[in-house]
Amino acid sequence: MFLTYLGTVTKELISWMRGHESSVFSISVHASGRYAITTSSDTAQLWDLDTFQRKRKLNILQSVGIQKVFFLPLSNTILSCFKDNSIFAWECDTLFCKYQLPPPPESSSILYKVFAVTRDGRILAAGGKSNHLHLWCLEAKQLFRIIQMPTKVRAIRYLEFLPDSFDAGSNQPPPPLVKVIEDLPKSKLSSGDMKMKVTSGRVQRPAKSRENQIQTRILKQDLTGHFENKENELSDGLNKKRLQILLKGYGEYPTKYRMFIWRSLLQLPENHTAFSSLIDKGIHVAFLNLQKKYPIKSTKLLRVLQRTLSALAHWSAIFSDTPYLPLLAFPFVKLFQNNQLICFEVVATLIINWCQHWFEYFPNPPINILSMIENILAFHDKELLQHFRDHDITSQVYAWPLLETVFSEVLTREEWLKLFDNVFSNHPSFLLLTVVAYNICSRAPLLNCSLKDDFEYFFHHRNNLDISVVIREVYHLMDTTPADIHPDNMLDVFVALTKGQYPVFNQYPKFIVDYQTQERERIRNDELDYLRERQTVENMQAEVDQQRVEDEAWYQKQELLRKAEETRREMLLQEEEKMIQQRQRLAAVKRELKVKEMHLQEAARRRFLKLQQDQREMELRRLEDEIERKVHMRDQEMASAVKDLEMRHLELESQKRLYEKNLTRNQETVAKEIREDADAYRRKVNLEEHTFHRLIEMDQTQNQKTQKLIEENLAKAEQACLNTDWRIQALHKQRCDDLQRNECYQEMAKLLQKNRRKEIEVLNAMMEKEAKKWEEAEEKDFRLKSEKKASALSDASRQWFLEKEINDALEHPEGPRCQYEQVASSCLPRTSPGSDVSEVDASTWISLNQRKIQWDTMEQDLLERVRNLRQRLTAQARNNCQTPHLLAT
């Protein structure tokens, strides 16, 4: 939503403001013309008309809408009315909430739609879709009257207070078609006492003339929404004397109608064509650099001031050389910045009437006017004038600063407006008397001043002085000043500007102005020539400087390029180092993540291996228990076999003793026979050779004894050798058995280690071929069942083999024993019983060795089958452990 700001004179777009999202249905302008409030259904915004910028924005909830937001007249208060009947008052400058009106009574509760305020800002009238009208006292902040309309009235669409010919500023509502018959006092106001009884009827009004009727209609139209164009409206029906009476009663005009009254008092012609021709001439050369001497923040205000001063300079040549003209025109420019035509005509009227005889001593201050002021001051306050003379203070110090600034430096805005309400309503001499009154009212601080700087400061700055007292003093001076020194006799009466064209202003020494103009023109031409020459030199110097600057810029550019290249190289190196560091950090992070992942995998693997190890340990413990059980059974079988062997050995020993006993008996019988034969033969030989061998008998006997002893010793030695050999063979066999057993155990340990390594390899292979094993699960299950069947068959075969071997072992000793007895009885030599015993022992040990070899072979076979069984059980356990993982995948 856009707001456009148009100039009424130029008919051009001055500015446009954006901020509303919905349509704007209300615009309220402050009495000073500086601020404006625009209202829509969802927000209200405060604008600064000097800068056309939004100052503040009022945001509300969507459930609560805005009815109206407007300024109260004669104050800096903003009144905001919402759709929930809540009314808030805000301070314009600080936007601080001053107060909130209480809710209306429930008996007369209406939704406010329309509002109206008296021009003094004391009473607020509110109405809506009801025949009740609420009157609020904003000073007491309470509802003091409820007016009930006739029953025909269903809603109030518009409210307005009508003024009664500016009668002392009172704003009474027009007599309605109802009559108030009872009005409760304020002390008794309450929620139940606010309502008044009314009776219908018509109030008689005094008859009015047609002129007054037309005037009332014009004012009513102005009050109904065209206040922004009131400066372009004129009312010829105003009476100056009545205005002066109103001014003396209140001291000032109403703010709402001040501009209208000023235009009427000054009788401005509003010559649009003549003013446009002055504006079209552009900015005067004397005011091109106005902002250097008078720096103004607002560009709009500066532009309006330049145009106004340029129009005055084009109207009369003297104003281009008047140094105090900007000071004189500035307060009016600030006041009428939105209407430049009115501003120009007000300043022009001021110069023609209130600045009479100011330019007779140009370019010096108006000595004649200052002399009049000094004469008046001498008549009314000789002491003050003498104080000025004692300190060399002339009228150019205590009077001229007030006149050239028209009191704008020493008064506030409101005080200045109040003063010029009286200036424009009286004779032009009023302004001069005001200077005298200002000095007289300030005589106490002025009498205390002794330095010229203090006096100058006093008349250029604001002071603690009541403007109402000054104005009363002015009226007193007008009445008491003698006629011979009264300014009325020296100044002409008020003369308005002519319509159509502006009058010629030549009340100044023309030859001085013309001479100054010619001199200024000559100086301007000389300056132009000098400027052209200087411009040429400056152009040449500029070219040289430009070339030098270009060269320096080129060298600087090259230097900057070199530095930039070095900087970029350093930056690249830094970036590379940062990148390397980042990569190192990334690699470290990756390593940490990899290590963590490996730790997690290792932990998972360890848990899995621990589970597998626990399962294998359980299997191994079961297998070891089985092996221990079988080894225990084998030990028991071995022990039983050993016991059987011992029994057999005992039987053999007993048979041997019996055999030896029989053999001894036979030997004794044979030996007895042999001894008998030998004795007989020896007796025969002895008898035959007794004589021949008597000599050597002793030697032969000795030789026989020695030979017999040797033979016995030899037999004993052979028997001892045989026994030792048997024992050596037994010990050697035991050692061989121990070595073989150790080798078997070592082989078993190596096989177990190989088996474990193969298990690890198989486990890794199983993990790698996990996807393939699922397809082979059924085949391996079938193979496992087959192996179980084969294992069962092998167990049965082994059991049968063991039983068969045990039976064979039990039946085998009987056959060899019979065969041995037969062989021994048939082949036993009669002449060597010792050799027969050694042969029996050798055959016995041969049979024992064969038996031991058979047992060792059976033990190796049993261990081999146990290893095969353990391998099959391990493979089965792996298949059982692998199957859940394959199912899970």
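In strand β4, alanine 36 is the bridge partner of valine 29. Strand β3 covers residues 24-29 and strand β4 covers residues 35-40. The two run antiparallel, and 5 bridges join them.

Which residue takes a positive phi in the hairpin of β3 and β4? It is glycine 33, with a phi near 75°. This hairpin has 5 residues between its strands.

## The whole chain

This is a predicted model. The protein chain has 889 residues, and 34% of them are buried. Its secondary structure comes to 23 helices and 16 strands.

Another open sheet has 4 strands, in the order β11-β12-β13-β14. Its pairing is antiparallel too. At the edges stand β11, residues 112-117, and β14. Each has a single partner strand, so one side of each is left without a neighbour in the sheet. Here the twist averages 25° from one strand to the next.

Start with β11. Strand β11 pairs with β12, residues 123-128, over 5 bridges in the antiparallel sense. Alanine 116 faces another alanine, residue 125 in β12.

Now go to the other end of the order. Strand β13 holds residues 132-137, and strand β14 holds residues 142-148. They run antiparallel, with 6 bridges between them. Leucine 133 stands opposite isoleucine 147 in β14. The hairpin of β13 and β14 has 4 residues between the strands. In this hairpin, lysine 141 takes a positive phi near 60°.

## Two helices side by side

Two packed helices are described by the angle between their axes and the distance between the axes. Now apply that to one pair. Helix α3 is residues 258-266, and helix α13 is residues 413-424. They pack at an angle of about 30°, and their axes are 10 Å apart.

Why do α3 and α13 count as roughly parallel? Angles under 35 degrees count as roughly parallel, and the angle here is about 30°. Therefore α3 and α13 are roughly parallel to each other. Their crossing is left-handed.

Which residues meet? From α3 come Arg258, Trp262, Leu265 and Leu266. From α13 come Trp416, Leu417, Phe420, Asp421 and Phe424. In this contact, 7 residues are nonpolar, none is polar and 2 are charged.

Methods: Residues are numbered from 1 along each chain as its sequence is written. This is a predicted model: local features need pLDDT of at least 70, side-chain atom pairs count only at pLDDT 80 or more; totals for chains, interfaces and linings use all residues. Side-chain values use heavy atoms; hydrogens and water are left out. Two strands pair if DSSP finds at least two bridges between them. Axes are lines fitted to C-alpha atoms, for helices over the stretch in contact, and angles run from 0 to 180 degrees between N-to-C directions. Angles under 35 degrees count as roughly parallel, over 145 as roughly antiparallel, 65 to 115 as roughly perpendicular and the rest as oblique. A crossing is left-handed if the near helix is turned anticlockwise from the far one by less than a right angle, and right-handed if clockwise. Contact means heavy atoms within 4.5 Å. Ala, Val, Leu, Ile, Met, Phe, Trp, Tyr, Cys and Pro count as nonpolar, Asp, Glu, Lys and Arg as charged, and the others, Gly among them, as polar. Buried means under 20% relative accessible area, exposed over 50%, partly exposed in between (1.4 Å probe, protein chains only).
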